[in-house]
Amino acid sequence: AWGGHLSLCRYFREYFDMYDDSPDEAGNYAADLADMAGHTAVAQYLREECSSQTLESLQVLGLTSVSQRHDRQAIKRAYHKAARELHPDRIIASCATSSNQDRLGANPLGEIQTPNDLESSKDQTILQFTKLSVAYRHLMDENGVGTQCNPKHKLPLLLTATAASACSSKEVQAGDANGGVAVGDCDQQNNNTDRFAAQLTAVVAEYNDKGLDISNLRKKWKQLWPDSEFPPPNRRCQPNQSLSTTATRKKGKKTTMRQWLEENASDIVLLRKDERGIVRIYAKYPPTKSTPS
């Protein structure tokens, strides 16, 4: 997927029945890697034809052949048949009948059903019916397309989680420095700052076990956020000044990438040298066991 080999992906799917259902250690599915490398057709194929979600939806409807995912009439027939059997109204009526029989003694099977048993049966049926409806909509409205995606690449989720973590830490630090009284209001944080923090965290967090080589930061940013500039305008050292691969000019002096990160993103990442002297970047939020202190 990373290399854009669509024919090879087809081969593994058709001849070895392989699916894109196991993310790597960084949380990336094969479709994610294809997206990051710019192979749109490969990513589309992986989500349309290699998602285990399609199999699950078919199984919920009682369909056994993958080829039936495109047979809309077969999907409708299977859904209507299952819906008649699992519809909550039918089960509730059945439970009411059983309850009346229990008042007279044993039910027709000779077993006593308690109110808790009946309530549990209703809950299970409603859950099954909900799964049935979701599977039907997935196949009919979404054409069975999978949703393989690293949650770290979902910017709205990152904005919420990263801002909350960073904000909580800052409030604690502020409280400690002011006699236990926190200063500032997290709701007033700049949206652009939160966005940058979330994006940078997503890039670096994938490598938090060993740290991201600082020389690869710009490349990885471009792969994950191709439509976002790095560094963003609001985080540059000076107006109208762009950051080169390793350094930028500031008052006649060179500012290295490390210095820029220390000045502009010290609240988001940690910088540490490894045993070979390579500067590596670690995300502060969320911290891992390998994140250096």
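Trainee: Over how many bridges do S4 and strand S5 pair?
Mentor: Strands (E, at least two residues) and helices (H or I, at least four) are DSSP runs, numbered from the N terminus. Two strands pair if DSSP finds at least two bridges between them. S4 and S5 (residues 279-283) run in the antiparallel sense, and their pairing covers five bridges.

Trainee: What kind of model is this, and which pLDDT do local features need?
Mentor: Residues are numbered from 1 along each chain as its sequence is written, and side-chain values use heavy atoms, with hydrogens and water left out. The model is predicted: side-chain atom pairs count only at pLDDT 80 or more, totals for chains, interfaces and linings use all residues, and local features need pLDDT of at least 70.

Trainee: Which residue takes a positive phi in the hairpin of S4 and S5?
Mentor: Five residues lie between the two strands of this hairpin. The phi value in question is near 85°, and the residue that takes it is Gly277.

Trainee: Which are the edge strands of the open sheet?
Mentor: The sheet has three strands with antiparallel pairing, in the order S1-S5-S4. An edge strand pairs on one side only. S1 and S5 share two bridges, with Asp213 opposite Arg280. The edge strands are therefore S1 (212-213) and S4 (269-273).

Trainee: How many of the five residues of S5 are buried?
Mentor: Buried means under 20% relative accessible area, exposed over 50%, and partly exposed in between (1.4 Å probe, protein chains only). Val279, Ile281 and Ala283 point one way from S5, while Arg280 and Tyr282 point the other way, and all are buried. S5 is largely enclosed by the rest of the structure, because the number of its buried residues is five of the five.

Trainee: Is Gln148 buried or exposed?
Mentor: Gln148 sits in the loop between helix H7 (115-140) and helix H8 (155-177). Contact means heavy atoms within 4.5 Å, and Gln148 touches residues including Tyr29, Ala31, Arg47 and Cys50, not counting those up to four places away in sequence. Its relative accessible area is 5%, which means that Gln148 is buried.

Trainee: Which side chain does the side chain of Gln148 join in a polar contact of 3.2 Å?
Mentor: A polar contact is a pair of N or O atoms within 3.5 Å; within protein, one must be able to donate a hydrogen and the other to accept it, and residues adjacent in sequence count only if both atoms are side-chain atoms. A polar atom of the Gln148 side chain lies 3.1 Å from the backbone oxygen of Leu46. The side chain at 3.2 Å belongs to Asp20.

Trainee: How many helices does the protein have, and how many strands?
Mentor: One of the helices is H1 (residues 6-16), where Leu8 is found. Leu8 is partly exposed, because its relative accessible area is 41%. In the protein of 293 residues, buried ones make up 38%. The counts are 11 helices and five strands.
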